Amino acid sequence: TSELTSKFDIIVIVADNVPKELFNNAGKYGKKLIVWKIKDASEYNKKDVNRAVNQIEEKVKKLVKGLK
């Protein structure tokens, strides 16, 4: 929601099935929108879950490094 997103400087979408259009107004309010297309993982497939977690972890590390 607009009220919730107004509290953050950066909005990161970490899913391949969330349309960035939901956050079209982010730029209008000085927010940075980042989209990471990470394939969803079935909770029953440990290998896929680990892959997704590792991808997110690497991207977060790069994001934090870039903020410093």
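Helices (H or I, at least four residues) and strands (E, at least two) are DSSP runs, numbered from the N terminus. The model is predicted, so local features need pLDDT of at least 70 and side-chain atom pairs count only at pLDDT 80 or more, while totals for chains, interfaces and linings use all residues. Residues are numbered from 1 along each chain as its sequence is written, and side-chain values use heavy atoms, with hydrogens and water left out.

**View 1. Ile34 in strand E2.** Ile34 is part of strand E2. Ile34 counts as buried because its relative accessibility is 14%, where buried means under 20% relative accessible area, exposed over 50% and partly exposed in between (1.4 Å probe, protein chains only). Leaving aside residues up to four places away in sequence, Ile34 touches Ile10, Ile11, Val12, Ile13 and Leu63; contact means heavy atoms within 4.5 Å. Val12 is 22 residues from Ile34 along the chain, and their C-alpha atoms are separated by 4.7 Å.

**View 2. Pairing of strands E1 and E2.** E1 and E2 (residues 32-36) pair in the parallel sense over 5 bridges; two strands pair if DSSP finds at least two bridges between them. Val35 in E2 is the bridge partner of Ile13.

**View 3. The two faces of strand E1.** Strand E1 spans residues 10-14. Ile11 and Ile13 form its covered face, whereas Ile10, Val12 and Val14 form the uncovered one.

**View 4. The chain around the strands.** The chain has 2 helices and 2 strands, in the order α-β-β-α from the N terminus on. Of its 68 residues, 13% are buried.
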